[in-house]
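Student: Please show me how to read features in a protein model, one at a time.

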Amino acid sequence: MRAIAASMERVLFITSTRIGDAIINSGVLNHLVETRPDARFTIACGPLAASLFAAVPRLERVIIMAKKPAGGHWFDLWRQTVGTEWDLVVDLRCSATAWLLRARERRILRQADAPVHKVIEAASVLGLEDTPPDPGLWLSQADRAAALEHMPEGHDYLAICPSASWIFKVWPPEKFAEFILRFTGPDGVMPGARVVMLGGPHDAAYAQPIYDALPEFDFIDLLGLGLPETAACLARARLYVGNDSGLMHMSAAMGTPTLGLFGPSDDRCYAPWGEHCEAVRGPATFDEIDRAHGDRRKHPESLLADLAVDTVYDAARSLFERTKP
């Protein structure tokens with residue numbers, strides 16, 4: 001036992017507070033899990049993303065960084081980690097904390113100056129930007145069993161997430177409803193497919209207008225499901241269509257064919273990652289929208305109204321056909 005303990009590596013992995021960014025960064029973590037078989041991992045992240053790491057192999061601890069005034073959460077992280085001599089500290093938050101810990105090796109992210117995909121940027125912390133590891137999530141058997149109960153065998157599933165972190169990133173619900181009706185209709189690409197509605201516990205306001213527009217539909221409402229179970233459900237979907245959000249990145253990380261809907265966010269940096277993914281936007285580029293609207297967080301309405309249903313339909317059909325098993 002002493003020999004095993006002596007050879008054990010201790011790795012501190014500091015990742016994002018946001019769900020989407022934490023998933024984007026998961027490729028770096030998975031690379032470390034695969035290439036350091038003797039390592040045990042401590043993961044520091046925000047409270048929303050914490051459950052995503054519960055099934056990481058050789059997990060020693062998850063430290064939840066709840067944001068505090070004046071950067072107090074960084075002091076809390078330092079206080080909980082300063083007593084350990086780390087073999088490796090990987091900091092994807094570009095913080096000063098990593099410099100204040102005892103570590104044999106430190107890898108601290110330097111953010112790119114020009115637009116580059118965030119998967120590539122994260123991989124650069126380990127010098128892997130030329131061969132960036134794909135994001136991916138570890139799930140328990142219980143999560144997969146729960147997903148099977150929600151989405152039994154014998155059906156094709158179209159997964160939809162109508163929400164996003166900001167209203168300006170949301171495709172209008174009437175367009176979602178028209179897309180669903182056409183795509184799963186008798187002459188559609190997935191005739192008779194079951195439609196799974198996904199989102200957070202407070203996203204009913206985004207889904208309800210779609211339900212109201214399609215009262216004849218028997219939706220599978222999984223709004224508010226825990227993140228690991230949601231990831232397991234996404235792995236069972238044949239296709240995912242949704243706004244630029246954490247669930248879009250989760251779908252891509254689970255290997256599900258994923259179509260991301262973009263407008264006022266930069267698909268050069270945040271498009272769903274992988275050969276099984278595509279991003280689609282309206283006629284305006286991100287730079288044009290950025291110049292026209294400035295601080296988009298103050299915009300009270302969707303900035304994806306110019307993204308036509310036909311455009312999304314054609315992109316979804318192309319992705320569906322390209323990713324046939």
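Tutor: Buried means under 20%, exposed over 50%, and partly exposed in between (1.4 Å probe, protein chains only). This is a predicted model, in which local features need pLDDT of at least 70, side-chain atom pairs count only at pLDDT 80 or more, and totals for chains, interfaces and linings use all residues. Residues are numbered from 1 along each chain as its sequence is written, and side-chain values use heavy atoms, with hydrogens and water left out.

Student: Which side chain does Arg10 meet in a salt bridge?

Tutor: Side chains of opposite charge can pair when their charged atoms come close. A salt bridge here is a side-chain nitrogen of Lys or Arg within 4 Å of a carboxyl oxygen of Asp or Glu. Arg10 meets Glu60, at 2.8 Å from N to O. Arg10 sits in strand β1 and Glu60 in strand β3, 50 residues apart, so the pair links distant parts of the chain. Strands (E, at least two residues) and helices (H or I, at least four) are DSSP runs numbered from the N terminus. Glu60, at 32% relative accessibility, also counts as partly exposed.

Student: How many salt bridges are found in the whole structure?

Tutor: The search finds 21. One of them joins Asp244 and Lys169, at 3.5 Å from N to O. Asp244 is in the loop between β9 (239-243) and α10 (246-253), while Lys169 is in the loop between β6 (157-161) and α7 (173-183), 75 residues apart.

Student: Are Asp244 and Lys169 buried or exposed?

Tutor: Asp244 counts as buried at 5% relative accessibility, and Lys169 counts as buried at 13%.

Student: What separates Asp314 and Arg317 along their helix?

Tutor: About one helical turn, because the two residues are three apart in helix α13 (residues 309-322). Asp314 is partly exposed at 38%, and Arg317 is partly exposed at 33%. Salt bridges can also share partners: Glu9, Arg36, Glu105 and Arg107 are joined into one network in this way.

Student: In what order do the strands of the open sheet lie?

Tutor: Strands of a sheet pair through backbone hydrogen bonds, either parallel or antiparallel. Two strands pair if DSSP finds at least two bridges between them. This open sheet has five strands in the order β3-β2-β1-β4-β5, with parallel pairing. β3 and β5 are the edge strands, each pairing on one side only. On average, neighbouring strands are turned by 10 degrees against each other, direction ignored. Axes are lines fitted to C-alpha atoms, for helices over the stretch in contact, and angles run from 0 to 180 degrees between N-to-C directions.

Student: How many bridges pair β4 with β5?

Tutor: Three bridges, in the parallel sense. Val90 stands opposite Arg107 in β5.

Student: Which strands does α4 lie across?

Tutor: α4 lies across β1 (9-14), β2 (39-45) and β3, and runs at about 155 degrees to β3. Contact means heavy atoms within 4.5 Å.

Student: Where is Ala70?

Tutor: Ala70 is in the loop between β3 (59-64) and α4 (72-81). Its phi is positive, about 60 degrees, although Ala70 is not a glycine. Ala70 is exposed, with a relative accessible area of 88%. Cys94 likewise has a positive phi of about 60 degrees without being a glycine. Cys94 lies in the loop between β4 (88-91) and β5 (106-108) and counts as partly exposed at 32%.
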